[in-house]
Amino acid sequence: MPYAEMAETLDKYDEYIRAEGFEGQINLTGGEPLLHPDFFKIAADIRRRGIRLGILTNGTLIDDACAEAIAKLKPVFVQVSLDGSEKVHDAIRGEGNFKRALRGIDCLKKQGVRVLVSFTVMQGNYKEFKKVAAVCARHKVDKLWWDRVVTDDPEQYVTTSQFKEISKAAAGLARRHPFISNSRALQWIPEGSCSYECSAGKRLLIILANGDMMACRRLPFVIGNIADVSDLKTWLKSNEIMKKLAEPVFPRDCVQCPHFYKCAGGARCVTYAQTGRLDARDVNCYV
Ligand SMILES: C[S@@+](CC[C@H](N)C(=O)[O-])C[C@H]1O[C@@H](n2cnc3c(N)ncnc32)[C@H](O)[C@@H]1O
């Protein structure tokens, strides 16, 4: 979406957050957002409106000059993806990209930008969390968080015993390293107190490059196109998919679980991808 169309989208969002009294936050993601020719124009417009800005990137295009330009935007965070130590990350994301991502992280840190690292767990990297945590500690990353890959390909998704293994390792590491965040679905299990809630239908709206909107990037439902909407607040409140996703889900398999009300079945996106059901217990739950 070029800047001119993006500005119209921003107008609609701006109007919406003002009507709701929200501060608002826009996370620019992709694909790779830094490849967008108007990236800095769009980001500056977001900040000029007083909306908080987050940037989700693979980090490979960030050198000193780019980091300086990003720092001027005062983003709340820049998230860089690391999918493993060098060998594993490069096997997933291409030769040389681990070093490039680390250079990006270092340049951002030099500029005082808050850097998050996102680790997406899949079959090929679920044993790598500890190594990624060590890399993050060395590079003074502010927060490391992880989540499961959303896929219907059994060759890629993690099994429940693998998920349990990484959850326990991450919980142990977080006790020593407070920058590690275990706040995503089911990650609370080793410590016993649930703090996760799926935000689909509630606090989240995805807008794709062609204007298509989704309630969640990882649930395959397009709910409309922003070009067809004039009043976003009214439209969102009457959208049937948003309304359905906002309803509490209490999977039958979970009724005896003490965490039933808060967890509400865990990650609906992970489970939907693997079962086609929105009302099922998280496929990796081991409570
Ligand atoms: C879609 S990417 C876009 C930003 C940037 N190009 C990057 O690679 O980080 C944002 C995050 O989503 C994660 N991601 C991509 N595909 C995913 C999937 N199928 N399930 C879960 N996470 C995924 C990436 O690992 C990354 O951390």
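1. Start with the contacts of Met-242. In this predicted model, Met-242 touches Gly-201, Ala-215, Ile-223 and Leu-236, leaving aside neighbours within four places in sequence. Met-242 sits in helix α9, residues 240–246. Lys-202 is 40 residues away from Met-242 in sequence, yet the two C-alpha atoms are 7.6 Å apart. Met-242 counts as buried because 21 other C-beta atoms lie within 10 Å, and the cut-off is 20 or more.

2. Next, the nonpolar cores. The largest has 41 residues. The members that touch the most other members are Leu-108, Val-115, Val-117, Phe-119, Val-132 and Leu-144. Take Leu-108: beyond four places in sequence, its contacts are Ile-62, Ala-67, Ile-70, Val-78, Val-113 and Val-115. In soluble globular proteins, nonpolar side chains tend to be buried together.

3. Now the strands. Strand β2 (residues 52–57) runs parallel to strand β3 (residues 77–81), and four bridges join them. Gly-54 is placed opposite Phe-77 of β3. Between β2 and β3 the chain passes through helix α3, residues 64–72. This β-α-β crossover is right-handed.

4. Strand β3 also pairs with strand β4 (residues 115–121). These two strands run parallel too, joined by four bridges. Here Ser-81 has Ser-118 in β4 as its bridge partner.

5. Check the backbone at Gly-30 and Gly-31. The peptide bond between them is cis, with omega near 15°. Gly-31 falls in the loop between β1 (25–28) and α2 (39–48). Most residues other than glycine have a negative phi, and most peptide bonds are trans.

6. Two non-glycine residues with positive phi deserve a look. Lys-140 has phi near 55°. Its place is the loop between α6 (129–138) and β5 (143–148). Ala-264 has phi of about 50° and lies in the loop between α10 (260–263) and α11 (268–275).

7. Are these two residues buried or exposed? Lys-140 is exposed, because it has 11 C-beta neighbours inside 10 Å and the limit for exposed is 12 or fewer. Ala-264 is buried, because 21 other C-beta atoms lie within 10 Å.

Notes
Residues numbered from 1 in each chain as written. Predicted model: local features only at pLDDT ≥ 70, side-chain atom pairs only at ≥ 80, totals over all residues. Core = buried A, V, L, I, M, F, W, Y, C linked by C-beta atoms within 7 Å. Contact = placed C-beta atoms within 7 Å. Pairing = 2+ DSSP bridges. Right-handed = clockwise from strand over helix to strand, strands pointing away.
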